[in-house]
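Take the model below one region at a time. Keep the sequence beside the coordinates as you read.

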Amino acid sequence: PPHTQSYGERSLNFTNPTAKLILETMERKKSNLAVSVDVTDKHDLLAIIDAVAPYVCMIKTHIDIIENFDFSLIEQLQHLSHKHDFLYFEDRKFADIGNTVALQYSGGVHKIASWAHLTNAHPVPGPSIIMGLASVGLPLGRGLLLLAEMSTKGSLAVGEYTEEAVRMARRHRDFVIGFIAQTRMDGVGAAGDDVSGEDFLVLTPGIGLESKGDSMGQQYRTPREAVYESGSDIIIVGRGIYGTDPKAIDTITRQAERYMAAGWAAYLERLA
Ligand code: 5BU
């Protein structure tokens, strides 16, 4: 099973170039940490990325919350990813019909497909959302995650819904490389289908070492609970790292180092 193989070995389980690049980067940097930088000022965004990037395999963005966005920001983001060797995941959570999501993914002011290696989509519209996004992303070698589960209290993405998300992904392995989920999805909803050798990346938000949640429904588990106990591949950490002060760069750097160590230790424990 995939979660007993090393990240480097697992790059051979995928044909999608973004999946391979993610796994190779994780192995090279010895990091399964993605930092979610949810700040609204582009200068803060760039400063935090520059500080945490040595410790991450991936930076997760919400590009639509940036108040002073202009396209030169994208060039600066790309410069940082070359400097520090990591990938971008734009947490766009597409949820519309194929034609609309293709336009949202390629166009508008953010032109997500042109710079984000990875993005994600809700399976709620059915397989057409994958076809729409793949029409833009596949020629560029991009990857997609489906939201199979969410970290929030009362999430509706459970049971049958989660199983159907996995079946949708299984039929589009060239583009769908994994899930946002709280646990592994290997063989979920397989019924009689042969799913031996199947591998999907599991990226898990809702990770914190101190807090158990926030006042708006977020729920946190530790890196060890996610990676060792639940077999998650990448931990996604936001406020646990950048806290409440986006200017406290020294603290942010120390926290990134700390979460990286915790995530990697849990992975080594899983392999052992
Ligand atoms: P936090 O500060 O670590 O709580 O931020 C978590 C980030 O992950 C934030 O950007 C959310 O939009 C994102 N997220 C999540 O928290 N839970 C989910 O199920 C999904 C995304 Br999908």
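Pro-223 counts as buried because it has 20 or more other C-beta atoms within 10 Å, the cut-off for that class; its own count is 27. Pro-223 lies in helix α8, residues 223–229. Helices here are DSSP runs of H or I with at least four residues, strands are runs of E with at least two, and both are numbered from the N terminus. Pro-223 is in contact with Ile-207, Ile-235, Tyr-259, Ala-262, Gly-263 and Ala-266, leaving aside neighbours within four places in sequence. Contact requires C-beta atoms, placed from the backbone, within 7 Å. Val-176 is 47 residues from Pro-223 in sequence, and the two C-alpha atoms are 24 Å apart in space.

This is a predicted model, in which local features need pLDDT of at least 70, side-chain atom pairs count only at pLDDT 80 or more, and totals for chains, interfaces and linings use all residues. Residues are numbered from 1 along each chain as its sequence is written.

Next, the core. A nonpolar core is a set of buried Ala, Val, Leu, Ile, Met, Phe, Trp, Tyr and Cys residues joined through C-beta atoms within 7 Å. The largest one holds 79 residues, and Ala-34, Val-52 and Val-56 touch the most other members. Helix α10, residues 249–271, gives the most to this core, with eight residues. Which residues does Ala-34 touch, not counting those up to four places away in sequence? They are Val-56, Cys-57, Met-58, Ile-59, Lys-60, Phe-89, Leu-203, Ile-234, Ile-235 and Ile-236.

Now turn to helix α6, residues 128–137. Its buried residues are Ile-129, Ile-130, Gly-132, Leu-133, Val-136 and Gly-137. Seen down the axis of α6, they fall within an arc of 165 degrees, so they line one face of the helix. The arc is taken over the directions from the helix axis to the C-beta atoms. The cover over these residues includes strands β3 (87–94), β4 (118–121), β5 (143–147) and β6 (176–180), along with helices α5 (98–106) and α7 (159–170).

The packing of α5 against α6 can be followed in detail. Two packed helices are described by the angle between their axes and the distance between the axes. For α5 and α6, the axes come within 8 Å and cross at roughly 35 degrees. Axes are lines fitted to C-alpha atoms, for helices over the stretch in contact, with angles from 0 to 180 degrees between N-to-C directions. On the α5 side, Gly-98, Asn-99, Val-101, Ala-102, Tyr-105 and Ser-106 take part. Among their partners in α6 are Ser-128, Met-131 and Gly-137.

Ala-102 belongs to α5 and is buried, with 21 other C-beta atoms within 10 Å. Ala-102 touches Gly-132, Leu-133, Ser-135 and Val-136, not counting residues up to four places away in sequence. Val-136 is 34 residues from Ala-102 in sequence, yet their C-alpha atoms are 6.2 Å apart.

The unreviewed entry places "domain: Orotidine 5'-phosphate decarboxylase" at residues 32–252. UniProt positions follow the numbering used here, feature names are shortened, and annotations may be inferred rather than shown by experiment. The end C-alpha atoms of residues 32–252 lie 17 Å apart, and the span is 32% helix and 17% strand.

The entry lists Asp-91, Lys-93 and Asp-96 for "active site". Lys-93 sits in strand β3 and is partly exposed, with 14 other C-beta atoms within 10 Å. Asp-96 is in the loop between β3 and α5. Asp-96 is also partly exposed, with 17 such atoms.

For "binding site", the entry lists Asp-38, Lys-60, Ser-151, Gln-218, Gly-238 and Arg-239. Gly-238 is in the loop between β8 (234–237) and α9 (239–242). With 20 C-beta neighbours inside 10 Å, Gly-238 counts as buried. Arg-239 lies in helix α9 and counts as partly exposed, with 15 C-beta neighbours inside 10 Å.

Notes: Buried ≥ 20, exposed ≤ 12 C-beta atoms within 10 Å, placed from the backbone. Contact = placed C-beta atoms within 7 Å.
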